[in-house]
Amino acid sequence: MTMTTDELTKIYQDLHQIPEIGLQEFETQAYLLSVITKLPQTWLTVKKIATATLVLVSGRAPHKTLGWRTDIDALPVQEQTGLPFASKHPGMMHACGHDIHMTVALGLLDYFAQQQPKNNLLFLFQPAEENASGGKRLYEMGALDEWRPDEFYGLHINPQLPTGAIGCRQGTLFAGTCEIHAHFSGKSGHAAYPHLANDMVVAGAQFVNQIQTIVSRNVDPIESGVVTLGQFHAGTIGNVISGSAQIDGTIRALTQVMNQHIQQRVRTIAEGIALSYDCQVALDLHQGGYYPVENDPKTTAAFIQTMQADPAIEYVETEPAMTGEDFGFLISKIHGTMFWLGVDQPYQLHSEHLAPHVGAIEKGIYAMTTYFKKRDAEV
Ligand SMILES: CC(=O)N[C@@H](CCC[C@H](N)C(=O)O)C(=O)O
């Protein structure tokens with residue numbers, strides 16, 4: 001018998017309580033392995049690479065390997081849900097639903113550990129989706145070489161969709177992102193002697209303002225882009241001129257070309273500020289593996305067709321989203337499809353109040369067992 005609703009809910013609640021930041025997911029990995037090793041092992045092979053876990057389900061007559069990826073890391077967010085199974089790790093929370101993602105993956109693995117698929121299935125429990133390009137790191141260290149999938153699939157929860165609804169689209173599902181880290185250095189001084197100092201609050205403020213012109217003046221209005229500066233740290237007290245300013249943010253765009261165009265504009269503006277304010281700027285634009293998530297035409301057509309054909313599945317055609325995902329890197333190398341799983345919430349992803357509806361878990365498992373079985377039935 002496959003996992004019951006209560007068993008899946010318990011797994012979800014256990015995982016929710018032990019969120020860990022990217023590349024530090026040791027307790028999470030131990031928990032995942034404790035569940036995986038209790039499954040029938042006849043056609044499973046398990047491999048650990050740092051905090052990543054790979055499980056190969058050997059098919060009975062394989063023509064190919066279908067891949068399923070889940071992310072396992074959490075965010076530095078102090079949970080405020082008030083749930084009885086809230087995070088036990090202060091300042092850390094599964095605020096992006098990776099606990100739901102992992103539970104769906106375990107339920108899917110449980111199903112195929114009991115019903116041997118025709119094709120091979122590779123399950124990748126991937127660290128560091130939020131902060132450190134875990135998918136790209138694994139790929140570049142050759143972690144997928146031995147069991148390289150021919151097609152790759154993954155999901156992300158979506159608070160705005162009804163519980164269990166499957167949302168997908170052809171083309172770009174998620175934006176490509178790029179982190180901005182800008183450090184301006186001038187000369188600190190007394191507030192009463194501005195002419196003897198070089199004020200980085202003023203230089204930084206100009207940088208923030210000029211950045212606002214990128215989307216309004218440099219992005220084709222038919223396309224889109226986002227530049228958000230979420231942090232500005234400068235100074236210590238009102239009567240001291242600050243000689244440094246640290247500004248951090250993120251770029252979002254639906255194509256890699258637009259992402260690079262915006263990166264170039266950020267670079268030019270930062271250099272221009274340094275020149276005009278006679279200061280230094282150290283600019284780090286870090287894209288890592290956060291390429292746009294571009295769904296493959298063939299796998300996505302097959303996926304959407306399967307979802308639409310099953311009356312037990314609520315399928316929704318979605319718009320591209322400006323959220324990022326390092327699955328974008330993996331499916332730039334191995335074609336595949338990503339989709340949304342609705343969890344019906346008034347709160348956004350990354351909110352300290354996010355409490356996804358657990359009813360989504362079994363619907364996600366059902367959608368993917370249905371799809372993988374259909375894929376198996378094709379030659
Ligand atoms: C689904 C989601 O929320 N993903 C994150 C990815 C972070 C990318 C990177 N740290 C950046 O900010 O560029 C997101 O913030 O969209």
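Reader: What counts as a strand here, and from where are strands numbered?
Author: Strands are DSSP runs of E, at least two residues, numbered from the N terminus. The model itself is predicted.

Reader: OK. Which strand gives the most to the shell around the ligand?
Author: That is β8, with three residues. β8 covers residues 176–185.

Reader: How many residues surround the ligand in total?
Author: There are 13. The closest are Thr 177, Glu 179, Arg 252, Gly 324 and His 350.

Reader: And how does the shell divide into nonpolar, polar and charged?
Author: Three residues are nonpolar, six are polar and four are charged.

Reader: Now contacts. How far is the side chain of Arg 252 from the ligand?
Author: An N or O atom of the Arg 252 side chain is 2.7 Å from a ligand oxygen.

Reader: What about His 350?
Author: One of the polar side-chain atoms of His 350 is 2.9 Å from an oxygen of the ligand.

Reader: And Thr 250?
Author: There, a side-chain N or O atom is 3.3 Å from a ligand oxygen.

Reader: How much of the ligand does the protein bury?
Author: The protein buries 89% of the 410 Å² that the ligand exposes when taken alone.

Reader: Where does the ligand sit?
Author: In the largest pocket.

Reader: New topic. Which residues does UniProt annotate as "active site"?
Author: Asp 71 and Glu 130, according to an unreviewed UniProt entry. They are spread over 60 residues of sequence, yet they cluster in space. Their largest C-alpha distance is 8.9 Å.

Reader: Which of this set is in the lining of the largest pocket?
Author: Glu 130 is part of that lining. The ligand sits in that pocket.

Reader: Where does Asp 71 lie?
Author: In strand β3, which covers residues 65–71.

Reader: Last one. Which residues does UniProt list for the domain "Peptidase M20 dimerisation"?
Author: The unreviewed entry lists residues 176–275.

Reader: How much of that span is helix, and how much is strand?
Author: Residues 176–275 are 39% helix and 34% strand. The end C-alpha atoms of the span lie 30 Å apart.

Conventions
Residues are numbered from 1 along each chain as its sequence is written. This is a predicted model: local features need pLDDT of at least 70, side-chain atom pairs count only at pLDDT 80 or more; totals for chains, interfaces and linings use all residues. Side-chain values use heavy atoms; hydrogens and water are left out. UniProt positions are given in the numbering used here, feature names are shortened, and annotations may be inferred rather than shown by experiment. Helices (H or I, at least four residues) and strands (E, at least two) are DSSP runs, numbered from the N terminus. A residue is near a molecule or strand if one of its heavy atoms lies within 4 Å of it. A polar contact is a pair of N or O atoms within 3.5 Å; within protein, one must be able to donate a hydrogen and the other to accept it, and residues adjacent in sequence count only if both atoms are side-chain atoms. Accessible areas come from the Shrake-Rupley method with a 1.4 Å probe; for residues, only the protein chains shown count as cover. On a 1 Å grid over the protein atoms alone, a cavity is a set of points where a 1.4 Å probe fits but cannot get out, and a pocket is an open set with protein on both sides within 12 Å along at least five of seven lines; lining residues have an atom within 4 Å of a point. A molecule sits in a cavity or pocket if more than half of its atoms lie within 2 Å of its grid points. Ala, Val, Leu, Ile, Met, Phe, Trp, Tyr, Cys and Pro count as nonpolar, Asp, Glu, Lys and Arg as charged, and the others, Gly among them, as polar.
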